[in-house]
Structure formats: C-alpha cells, structure tokens
Amino acid sequence: MADTIAATAPSERTTVRVDLGERGYDILIGRGLIEEAGSEIASILPKARLAIIADEAVAGLHLASFSQSLGAAGLDHGAYTVPSGESTKCFAQFERLCDEVLAGRFERGDAVVALGGGVAGDLAGFVASATRRGMAFVQVPTTLLAQVDSSVGGKTGINSRHGKNLIGAFYQPSLVLADTAVLDTLPLRDFRAGYAEVAKYGLLGDADFFAWLETNWKGVFEGGPEREEAVARSCQAKADIVAADEFEAGKRALLNLGHTFGHALEAAVAYETERLVHGEGVAIGMMLAHEFSARLGLIDDATVTRVHAHLTDVGLPVRIQDIPGQLPGAETFMDIIAQDKKVSRGALTFILTRGIGEAFVEKGVDPAVVTEFLKEKLDQ
C-alpha cells in the first residue's frame with residue numbers, strides 16, 4: 001500500500017491523509033479515539049461550538065463518553081438524535097436538523113459532528129453543507145461500513161422516492177475519527193455488512209489486499225490488529241481515489257463496484273433494513289457484477305467462484321433470492337437503475353471487472369442485455 005499510512009506509536013494509532021490541498025484532512029484510526037475526541041477536534045477547531053447529530057442507538061452507547069471528552073477540552077456542544085435506519089435520510093429529518101442547528105444559534109464558524117454510521121454521516125454532512133451556506137464538519141463513524149467508506153470522501157445526502165442518495169452535495173469533513181473499539185458493540189449483521197465494503201477495495205483495485213483478506217478476515221472480525229490494518233488499507237485506497245477524482249468525473253466511479261445493482265435492490269425493498277441493509281446489497285451487487293462480467297466474457301468462472309466463496313465464508317448474502325419477501329420483476333429493477341447517478345445522457349454505466357483487483361468503468365451498457373441477465377437471476 002501507499003507509504004502515507006503512518007502508525008503513531010505508542011498509541012498504535014494510524015493516520016491516513018486525504019490529500020485535497022488546503023481542504024485536505026486526516027483520518028485517525030485506532031482504539032479509544034472517542035475518549036480522545038475533544039482534544040483532537042479542539043486542535044483543528046479550537047473555538048467552535050459543536051452540533052452533534054447522533055444515531056439514537058449509538059447515542060445510548062457512546063454519546064456520554066463523547067460529550068465528556070468534548071467538555072474536558074472546553075468545547076461547547078449540543079446533541080440532536082435521529083432514528084436508526086435508512087429511512088432517516090429524508091427531507092423531514094433534514095429540515096428538522098437544519099432548524100435545530102439554527103435554533104441553537106450555531107454560527108458558520110461552528111461545526112456539525114456526525115456520531116453514528118453512514119446514515120447519520122450522510123445526513124449530518126448534508127446539514128453541514130447547507131446550513132448557513134456551509135459549516136465545518138467532523139465525522140465520528142461508529143460502524144465498519146462508515147469507517148471504511150461513507151465517512152471518507154465527502155459524499156453527503158438523503159434519499160428520494162426516485163432512488164438512493166439522489167439529493168445531496170460533495171462536502172468534505174475537516175477530520176474523521178475512526179474508533180475501532182466501538183466496532184466491538186456492533187451486531188454481527190452490521191459488521192458483516194460493513195465488511196462488504198472492505199472486500200470491495202480488494203476486488204476493485206488491489207488483488208494482494210483481497211488475498212490478505214481471504215487469509216485474515218477472522219482477525220478483522222475478532223478485533224485483533226488485523227482490524228486496524230483492514231480499516232487503514234481501505235481508507236488509504238479510498239483516499240487515493242478521492243484525491244485523484246474528488247467529484248467522480250472518472251476513476252472515483254470505481255468505488256461503486258456492486259452499487260448499481262445494490263442500490264436497486266435497496267430501493268426495491270423500500271429501504272426496509274429488516275430485509276436488506278446497504279452492505280448486504282453491496283455484497284449481492286458485487287456478486288452480480290462479477291457474474292455479469294463473466295456473462296460478457298471478461299472473467300472466467302473460477303474468478304466468480306472465488307468471490308462467491310469469500311463472501312459466503314464471512315456470512316454475507318450473495319444471491320437475490322437471499323433477500324426475504326417478494327421482489328419486483330426485472331423491468332422494475334431497470335427503471336430504478338435508469339435513475340442511478342452514474343447514468344449519463346440515458347446510457348447505462350456499470351463497474352465491471354477483468355479479474356480480482358481489475359475493475360473498470362464501462363459506459364453504454366446495453367439495457368436489453370442487463371434486463372435479460374436480471375430475469376435469469378430473479379428466476380434462479
């Protein structure tokens with residue numbers, strides 16, 4: 001991996017830099033960072049008041065220690081909770097939180113802090129981007145998925161009835177604090193869902209990392225040093241791509257491996273997390289992307305089998321039929337895919353692959369071929 005990952009003994013903390021010039025920021029990775037959050041935030045925002053937007057489940061576990069740390073650093077703050085679940089990323093919650101921040105008399109020089117998973121981070125970041133035309137923003141991700149993916153890179157937003165994350169802004173944080181100890185409290189299902197994004201980084205551009213995960217995934221789950229290494233390598237991979245293509249004009253689209261199919265699956269179940277959470281959709285979507293690549297003659301069956309084996313080893317779903325309940329037909333899925341953010345002038349764009357670590361952007365994919373592929377998968 002790139003040599004910009006630097007362990008900072010004796011705390012065994014790792015720092016990954018997102019190099020965006022004057023707007024660049026650090027991702028700090030290690031155990032116990034929530035208890036140290038006050039001093040870290042004060043070092044870059046010494047006089048800011050902080051509006052904390054916290055997932056209500058996370059608040060019950062970690063808000064007290066987080067607030068204590070902020071108080072010890074002399075940072076004035078207020079906290080606002082939001083319900084867990086993808087349905088929280090909506091206009092109603094966005095409006096409520098903007099109003100709460102304004103009613104709290106937080107100023108442009110103050111900061112919004114996201115404490116929670118990807119839902120809290122996406123929503124809080126959009127609030128920060130819009131309120132007073134832009135406040136500082138700090139991410140404190142508490143899920144594996146958020147630590148390795150959604151907290152890094154500046155994508156913020158809410159969902160629409162037309163699809164996932166269609167309303168939002170690119171808005172970079174000032175700091176990301178990834179406390180890997182809080183992952184110990186995650187339900188296994190949520191940890192697995194986050195791991196799908198970790199595997200994604202190996203599959204899209206780092207065959208050596210994917211091979212490392214095949215050998216070391218149990219240590220990642222059990223909280224050994226492998227966890228910090230997996231988070232750091234994932235963050236570095238994303239940081240490198242974001243630095244090269246911040247606004248997804250080219251290479252950054254690779255990060256959507258599995259997401260076109262995955263987002264369509266999420267929309268098809270109306271974002272009911274009892275049936276499907278984001279990382280599970282990504283896992284199935286990555287499997288579909290590899291199977292579709294094989295259908296097009298880009299990879300062999302052995303590669304598909306290898307991806308299938310690893311995702312199933314860790315307990316992730318890999319088939320559309322793994323989603324409980326009724327699903328719509330292929331035509332409905334195609335209608336959803338047509339609203340995907342990667343569609344350009346009506347042409348479908350998919351992230352396909354020529355092998356492990358060899359993903360690429362394919363524009364102008366024939367919708368008829370995709371429709372026929374989905375019909376077969378839905379009938380299996």
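These legends walk through an overall view and several close-ups of a predicted model. Local features need pLDDT of at least 70 and side-chain atom pairs count only at pLDDT 80 or more, while totals for chains, interfaces and linings use all residues. Residues are numbered from 1 along each chain as its sequence is written, and side-chain values use heavy atoms, with hydrogens and water left out.

View 1. Helices (H or I, at least four residues) and strands (E, at least two) are DSSP runs, numbered from the N terminus. Along the principal axes, the C-alpha atoms fill a box of roughly 60 × 45 × 35 Å. Of the 380 residues, 58% count as buried. Here buried means under 20% relative accessible area, exposed over 50%, and partly exposed in between (1.4 Å probe, protein chains only).

**View 2. Arg-13 sits in strand S2 (residues 13-18).** Arg-13 counts as buried because its relative accessibility is 13%. Val-119 is 106 residues away from Arg-13 along the chain, and their C-alpha atoms are separated by 26 Å.

**View 3. Arg-105, Arg-108, Arg-132 and Arg-133 make up a positive surface patch.** Patches take residues with over 30% relative accessible area and no salt bridge, joining like charges within 9 Å and nonpolar side chains (Val, Leu, Ile, Met, Phe, Trp, Tyr) within 5 Å. Lys and Arg count as positive and Asp and Glu as negative, with His and the chain ends not counted. Arg-132 belongs to the loop between helix H4 (118-130) and strand S7 (136-141), and Arg-133 is found in the loop between H4 and S7 too. At 35% relative accessibility, Arg-132 is partly exposed, whereas Arg-133 is exposed at 75%.

**View 4. The backbone at Arg-132 and Arg-133 is worth a look.** Most residues other than glycine have a negative phi. Arg-132, not a glycine, has a positive phi of about 55°. For Arg-133, also not a glycine, phi is positive at about 60°.

**View 5. Asp-122 and Lys-89 form a salt bridge, with their closest N and O atoms 2.7 Å apart.** Asp-122 is in helix H4 and Lys-89 in the loop between strand S5 (77-82) and helix H3 (91-103), so the pair ties together parts 33 residues apart in sequence. A salt bridge means a side-chain nitrogen of Lys or Arg within 4 Å of a carboxyl oxygen of Asp or Glu. Both Asp-122 and Lys-89 are buried. A network of salt bridges links Glu-86, Lys-89, Asp-122, Lys-164 and Glu-266. The structure holds 23 salt bridges.

**View 6. Arg-189 pairs up with Glu-280 in a salt bridge, the closest N and O atoms being 2.7 Å apart.** This pair links distant parts of the chain, 91 residues apart: Arg-189 in helix H6 (residues 188-205) and Glu-280 in helix H10 (residues 278-295). Arg-189 is partly exposed at 32% relative accessibility, but Glu-280 is buried at 10%.

**View 7. Glu-291 and Lys-377 meet through their side chains in a salt bridge (3.3 Å, N to O).** Glu-291 lies in helix H10 and Lys-377 in helix H13 (residues 367-379), so the pair ties together parts that are 86 residues apart in sequence. Lys-377 counts as buried, at 11% relative accessibility.

Definitions and conventions:
Areas by Shrake-Rupley, 256 points an atom, 1.4 Å probe, with all protein chains shown as cover. Charge placed at Lys NZ, Arg CZ, Asp CG, Glu CD.
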